[in-house]
Structures are given as C-alpha cells and as structure tokens.
Amino acid sequence: MTDATPLIQVEGLHKSFGDHEVLTGVDFTADGGSVTALLGPSGSGKTTILRSLNVLETPDAGVVRISDATIDFATPPDRRAVKALRSKSGMVFQSHHLFPHKTVLGNLVEGPVQVQKRPVDEATAEARVLLEQVGLAGREDSYPSQLSGGQQQRVGIARALALKPEVLLLDEPTSALDPELVGEVLAVIRDLAAESWTLVIVTHEVRFARDVADQVLFLDNGVVAERGGTEVLTDPQEDRTQRFLARMLDAG
Amino acid sequence: MGDGAGYAGRVPLTRRLLVLPALLVLVYAAVLGAPAAAQADDARVVRVGTEGVYPPFSYRDPDTNELTGFDIEVIKAIGEEAGWDLRFVEAPFDSLFPALDSKRIDVIANQVTITGERKARYLFSTPYTYSHGVIVTAKDTDDITSLADLKGRTTAQTASSNWAQVAKDAGAKVQYVQDFGPGVQLVEQGRVDAIVNDNIAVLDYLATSGNDQVKIAGDAGDEVLEQALAFRKSDPELQQEADAAIKALTDDGTLAKISDQYFGADVTVQGGSKDVDVKATDSRTTWQVVKDTAWPMFKGLVKGNIPLTIFSFVIGMVLAVAAALARLSSIRVLDWIARIYISIIRGTPMLVQLFIVFYGLPSIGLDLDPYPAAIAALSLNVGGYAAEVVRASILSVPRGQYEAATVIGMDYGQSMRRIILPQAARIAVPPLGNTLLSLIKDSALASLVLVPELFREAQVTAAATTEYLPLYTMAALYFWVVCYLVSLAQGPLERRLSRYAT
C-alpha cells in the first residue's frame with residue numbers, strides 16, 4: 001500500500017509569527033494511502049504545519065511537496081504554484097466553516113463546479129454518493145444551520161472529498177464538538193482510512209490516533225520531537241512525549 | 001430549490017449587477033429620451049431658461065399646466081419672429097445664470113433687470129419691460145415707507161436678483177429665499193421686515209392670493225428698472241436677432257398687446273408700470289388646486305424621482321462595493337483613494353456636490369445633461385455613504401469563510417462573489433435600506449439642476465396659487481408613501497437573504 005516515493009515530503013519548514021518562532025525546522029514524509037497523526041501540546045506548531053501544506057500559512061523557509069506539486073519557500077511562491085499545491089489537498093476545519101448561505105448539496109458542488117469546472121450533473125451525482133457515504137443522504141437541501149455539529153462536520157469532510165484531492169488535511173476535526181457527537185465523525189474518518197485515503201490529521205484523540213494512524217508525529221516547540229508508528233503512543237521514548245500522553249490519557 | 005443544477009445555473013452576482021444598469025439605461029432612454037428626439041427641423045434651437053414660478057411673468061397655467069406668463073409670451077413672439085425653435089428649461093432663479101454660463105440654456109427670459117454688474121458679464125437685448133420696485137411689509141408695519149427706512153432692517157430676497165442689491169444698498173440685512181412666495185410668508189410671519197420687489201410681481205401676488213396680511217408700503221426709490229433678455233457674451237448673433245425681433249414686435253404693436261393682456265397697461269414702454277392693474281392668475285379653491293396638482297406631481301415622481309433613485313442606487317452600490325474592496329485591499333494606493341473619496345462625500349453637503357457636478361464641472365470641459373449630472377452626483381453620494389456599510393458587512397463575515405473558499409481553490413474574485421458578498425449582503429440590507437430612503441428624499445434636490453421632479457411641481461403650483469401648506473404637505477405625503485412602500489419591501493428581502501439562518 002505504500003509507494004516507493006512518499007506522496008508528501010516536507011523539509012526544513014520554518015515559520016515565525018512576529019518574534020515567535022512556531023516552526024524551527026520540520027521534516028517528515030508520508031506515503032500515499034497512509035494516515036499521519038500530528039499530536040502535541042497546544043502551541044507546538046502542529047496546526048501551522050497542516051496549514052503550510054495548503055499554504056493557508058506561508059512558511060518562511062522550507063520545501064513542501066505533495067505528489068507532483070512542489071514549492072520551495074526560499075523565495076515568495078507565485079500564485080500558480082500555490083494554486084497547484086492547494087489543488088492536491090482538501091481541508092477539514094475544526095469548526096467546519098461550511099458556507100452558511102448554501103445548502104448541503106450547494107456546499108459540496110461549489111468547488112467541483114466553480115473551480116474545477118466540472119459538469120453540474122456529474123458533480124451533483126458524486127456529491128449524493130459522498131453524502132450517503134458520510135451518512136447524510138436525504139439532507140441535500142438542508143442548510144448547515146439546520147444540522148447538528150456532528151452532521152456539519154461530516155458535511156465538511158464530504159465537501160473536502162468532493163474535490164477528489166490526493167490528500168485530506170484534518171485540523172482537529174472533533175475538538176469543537178459535543179462529546180456525544182465525536183464518535184460519528186471519527187467513524188467517518190475511520191472509514192476513509194480503511195478506504196486508503198491519504199490523511200494528515202491534527203488531533204487530541206490519542207486512542208483514535210493509536211487505532212487508525214500509520215505514522216505519528218509528536219510535535220513540541222516547533223520541531224518533530226518524536227516520529228514513528230503507533231509505538232510512539234504506546235511506548236514513547238522521549239520524556240516530553242511521555243508527559244504529554246500521561247496528561248492526555250488522564251484527561252480522557 | 002437546492003437541486004445542484006438549479007443552484008449552479010443561477011447567474012453570478014456580478015453579472016446580474018452589470019446587466020441591471022444596462023437594462024435601466026435602455027428603459028430610461030425609451031421613456032425619457034423619446035420626446036426630445038421627436039422634433040427636428042432646420043430652425044435654430046434656442047434653450048430658454050425661466051423660473052416657471054414667478055407669476056405673472058413666468059408660471060404654469062393652473063388649468064392647463066402649460067408654461068405661460070408675460071415673459072413667456074414675449075419670448076415666444078420673439079422666437080417666432082426670429083425663427084427660433086424654443087426649448088424651455090425651468091429652474092430656480094439663482095440657477096439661471098450658472099445654467100447660462102455652463103451653456104445649458106442660451107437665453108434667460110425671466111424679468112432680468114439690467115445692472116452694471118450683469119452688463120459686464122452678459123449681453124442684454126433691448127428692454128421689454130420697464131418697472132419700478134416697491135417695498136412689501138406686513139399689514140401693520142407702519143415705520144417703513146421708503147428705502148431709507150430699510151436701514152438696519154431685514155429683507156427677504158432671492159440671492160442673485162437685483163432687488164437684493166437694492167435692499168443692501170439701502171442698508172438692509174438680506175435673508176435669502178428661493179423665490180418671491182416664500183419671502184412673503186416670512187414677512188407675514190414677522191421673521192423678516194420687508195421685501196423689495198418688482199411692483200408687477202407684487203400686485204400679481206396680492207391679486208392671486210387675496211392675502212391681506214401684507215401690503216405695498218411704498219416705492220423702492222424712483223429709479224426705473226429695465227428688464228431684458230440675457231445672453232452669453234459669446235452669442236452676439238442671438239442678441240442681434242432678438243433686438244431685431246423686439247423692434248418689429250414693438251412697431252407692429254404685438255408687445256403692447258401682450259402687456260395689455262397681462263397688466264392692463266403697456267409696461268414695454270417707459271412709465272407704463274405705474275398704471276398696472278393685475279388680475280388674479282388663479283381663483284380656484286384650495287381643494288381644487290390640490291386635486292389638479294396631484295397628477296403633475298405624480299408624473300414628476302415617476303419621471304423624475306423614481307428613475308433618479310433607481311439609477312443612482314444601482315450605480316451607487318457598484319461604487320460602494322468597489323470602494324469597500326479598495327478599503328480592504330492590501331494595495332495602499334487603492335485604500336487611500338477610497339478613503340479620500342469616502343471622506344469627501346461624507347464631509348460635504350449633497351447640495352454642494354450636486355452644484356459642483358452640474359455647474360462646476362462644465363468649466364473644465366465635463367458637461368453633463370441634467371439627468372446624467374443628477375444621477376452622477378447622487379450615485380457618488382450614495383456610493384460614499386454605502387461604502388462603509390459594505391465594508392463593515394464584509395468584515396463581519398468570519399475569517400474561516402475566506403479560508404474555506406481558498407482551500408476549495410477559489411481565487412479572490414470567486415470567493416468575494418460567491419461566498420463573502422452574499423453573506424455580507426444579508427448584514428448590509430437594513431443599513432442600506434436607510435441609505436435608499438435618504439436617496440429617495442435627496443432626489444428632490446435634483447430640481448436645482450434643472451431636473452423636473454415631484455417637489456418642483458409642488459413649488460411651481462404653490463407659486464402660482466400661493467397654496468403653500470397644502471401643496472408642500474402633499475409633496476411630503478408622496479415621499480412618505482414611496483418610502484413606506486420601500487420599507488415594506490425590506491422585510492421580505494431580509495427574510496429571503498436570511499433564509500439559511502435558522
């Protein structure tokens with residue numbers, strides 16, 4: 001299930017906000033079809049890494065490659081390169097950011113029709129399949145405000161998938177949800193992992209990460225403190241990883 | 001609704017924004033442009049500026065609503081003699097000279113008195129009226145009988161009339177009014193002490209209004225004043241043609257006949273004005289006047305205020321969105337241009353903006369007709385005020401919406417058009433509703449740049465009939481009804497734009 005060359009490759013990523021250096025040289029790769037979980041204390045830079053992969057944040061230095069799109073941030077990237085890199089991934093936000101003025105179906109077909117210029121009929125048919133897949137068949141004509149938080153986030157996932165990206169980026173997809181709604185969203189993500197989607201997910205759900213991740217990156221102070229398989233979560237080598245996990249599992 | 005095909009098949013917002021003004025222009029051209037294009041012959045077109053609210057010289061016949069009066073009949077006779085094709089343009093007296101300067105009219109026929117100052121700037125025909133001034137006071141004022149008594153007192157005058165100068169020369173303070181009628185009201189109410197005006201105009205007023213609260217207190221000096229047609233200095237041919245015509249009309253008795261018809265005396269010769277006897281220009285009841293004026297006022301609303309409002313609002317909204325986006329732009333120059341534009345519009349009176357566009361810009365070669373000038377000024381005004389509303393609305397759309405649009409691959413234009421502006425619109429509708437209501441009311445100012453509209457019709461009839469209160473109240477009522485209907489439409493629009501927010 002893994003290819004010879006990794007699908008995602010990140011080298012020497014640096015990013016500062018003002019005086020604060022958030023990323024101080026991050027390197028990692030991820031294979032096609034793998035699930036990469038980014039964990040770490042808040043402020044460790046994990047969300048910034050995710051947002052660098054689709055240039056919602058512009059890194060100060062470093063190279064990001066997804067599939068055949070590469071940007072070296074040594075020089076300010078041109079618009080076409082950014083667009084190319086962005087087209088490789090879809091993103092799921094912590095608080096879904098669905099378009100409130102569009103129906104569920106409208107949210108799903110917006111990107112395929114307006115950006116990818118695909119035929120409306122085709123995009124609509126695919127959107128219906130996706131909604132079925134995330135358990136929302138029949139809610140096509142609802143507005144986001146008429147859905148529960150878990151349903152909204154599942155629409156958010158379906159919207160990202162509608163663009164047929166090579167990679168799906170998920171930024172704490174369950175953090176904003178009421179506890180009883182977390183399960184339905186995690187179930188959908190589990191299904192995606194089982195279908196061999198390439199996922200990069202920032203999460204606090206340690207157990208979930210242990211279940212679905214192929215690769216775990218533990219971030220601390222802007223660097224990858226520990227990297228490996230799920231053993232990072234079951235048998236951490238680094239002190240700070242141990243401390244973090246103890247805290248998270250206590251809380252959970 | 002909500003079906004994918006129907007959803008994406010809708011016309012994008014910007015295209016709709018562009019189509020609407022284009023359509024409006026076509027409708028407008030069809031409705032308003034047709035009469036002007038209809039008649040075309042070889043005669044020289046001469047545009048005549050006149051007040052239309054100065055009976056018995058220039059006013060609308062209360063029965064037919066046709067422009068008439070002594071000056072009107074005289075210029076018509078002159079036009080016929082000289083072979084001119086006359087087009088009448090009605091405007092307040094203070095707008096007539098600016099209109100002549102900016103080539104919006106070619107001649108003023110409105111009892112323009114020849115003065116030294118005016119002679120330096122304009123060409124005058126042979127006089128066709130000889131008049132003298134009188135002083136009007138309230139009935140029980142007994143300490144004003146001559147110009148000398150005006151020293152230190154207050155008089156009500158139109159700004160650019162020679163009578164204002166006569167009053168000033170006598171040492172009076174001058175309060176400016178738009179025309180004679182409102183001045184009389186001020187005298188009656190005791191807000192000013194007197195008016196200096198032409199004896200014929202005053203006699204006409206007294207006859208028509210039956211007003212016994214004011215009186216002619218005395219002559220304003222013994223100077224005889226001469227009234228003539230005024231032309232631009234650059235139009236000596238028109239002046240010569242007019243003089244030839246006036247001579248012919250004097251010789252064949254036409255002018256004397258017209259004068260006799262209006263005044264029972266020949267004011268076209270020296271000394272004639274002493275024997276003037278004026279009949280009332282109007283004798284209808286108040287109710288009859290109101291009924292007769294309702295239709296012309298409605299036409300003014302439909303042909304003036306409403307199209308002005310619609311065009312100006314649509315164009316103004318385009319300007320507002322552009323200015324708001326410029327304000328939010330990361331390009332500093334755009335931000336500053338928008339800031340300056342908004343600051344100028346919000347920091348200067350609408351009236352001044354209107355006058356700059358219409359009377360000011362022609363002197364730097366930008367010469368707009370009345371309708372386009374009014375639309376330009378109103379649009380710029382609306383755009384400046386609405387820009388900040390639009391900007392605030394755009395800023396109120398959560399940042400996550402930009403990011404969501406960005407990650408599905410939209411560029412700036414697409415995310416604005418399809419994601420941000422539709423959400424901002426919902427927030428902007430209530431305050432923009434206020435802007436629209438202000439605009440409807442501001443459209444009444446357009447009469448000052450020669451656009452016929454509702455309030456102008458009220459003023460015209462009020463001048464001829466002195467029924468100020470009922471007519472102005474009716475004008476207010478018309479505006480209120482329109483504004484009320486607009487505010488009724490606001491509710492459904494807000495609901496439609498908010499249908500997704502439950």
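Contact here means heavy atoms within 4.5 Å. The views below show a predicted model.

**View 1. Q111(B) and its surroundings.** Leaving aside neighbours within four places in sequence, Q111(B) is in contact with Y54(B), F57(B), F70(B), D71(B), Y128(B), T129(B), D198(B) and Q227(B). Q111(B) sits in strand β6 of chain B, which covers residues 107-113. Q111(B) counts as buried because its relative accessibility is 6%, and the cut-off for buried is under 20%. The side chains of Q111(B) and T129(B) make a polar contact at 3.0 Å. Y130(B) is 19 residues from Q111(B) in sequence. In space, the C-alpha atoms of Q111(B) and Y130(B) are 9.7 Å apart.

**View 2. T115(B) in a loop of chain B.** T115(B) lies between β6 and α5 (116-121). Is this residue buried or partly exposed? T115(B) has 23% relative accessibility, so it counts as partly exposed. A polar atom of the T115(B) side chain lies 3.2 Å from the backbone nitrogen of R118(B). V177(B) is 62 residues from T115(B) along the chain. The C-alpha atoms of these two residues, T115(B) and V177(B), are separated by 21 Å.

**View 3. The nonpolar cores.** The largest nonpolar core has 114 residues. Six of them touch the most other members: I8(A), L53(A), V200(A), I108(B), L308(B) and I394(B). Helix α11 of chain B, residues 286-328, gives this core its largest share, 13 residues.

**View 4. I108(B) and the residues it touches.** I108(B) belongs to the largest nonpolar core. Which residues does I108(B) touch, not counting those up to four places away in sequence? They are G49(B), L96(B), F97(B), L100(B), A228(B), L229(B) and A230(B).

**View 5. Where chain A meets chain B.** Chain A brings 33 residues to the contact, and chain B brings 26. About 2,600 Å² is buried between the two chains. Carbon and sulfur atoms give 59% of that area. Three residues of chain A stand out: F99(A), H101(A) and Y143(A). They supply 21% of the area that chain A buries against chain B, more than any other three residues.

View 6. R418(B) forms a salt bridge with E110(A). Their closest N and O atoms are 2.5 Å apart. On the side of chain A that touches chain B, the elements that give two or more residues are α2 (79-86), β6 (89-92), α3 (104-115) and α4 (120-133). Of these, α3(A) gives the most, with eight residues. By class, this side of chain A has 13 nonpolar, 11 polar and nine charged residues.

**View 7. Chain B as a whole, for orientation.** Chain B has 18 helices and 14 strands. The C-alpha trace of chain B spans about 90 × 55 × 45 Å along its principal axes. Chain B has 502 residues, and 52% of them count as buried. Take the contacts in chain B between residues at least 6 apart in sequence. Of these, 72% join residues at least 24 apart.

Key
Residues numbered from 1 in each chain as written. Chains lettered and ligands numbered in written order. Predicted model: local features only at pLDDT ≥ 70, side-chain atom pairs only at ≥ 80, totals over all residues. Heavy atoms only, no water. Buried area = accessible area lost by both parts, 1.4 Å probe. Salt bridge = Lys/Arg side-chain N within 4 Å of Asp/Glu carboxyl O. Helix = DSSP H or I, 4+ residues; strand = E, 2+ residues; numbered from the N terminus. Nonpolar A, V, L, I, M, F, W, Y, C, P; charged D, E, K, R; others polar. Core = buried A, V, L, I, M, F, W, Y, C linked by side-chain atoms within 4.5 Å. Buried < 20%, exposed > 50% of the residue type's maximum accessible area, 1.4 Å probe, protein only. Polar contact = N/O pair within 3.5 Å; in protein donor to acceptor, adjacent residues only side chain to side chain.
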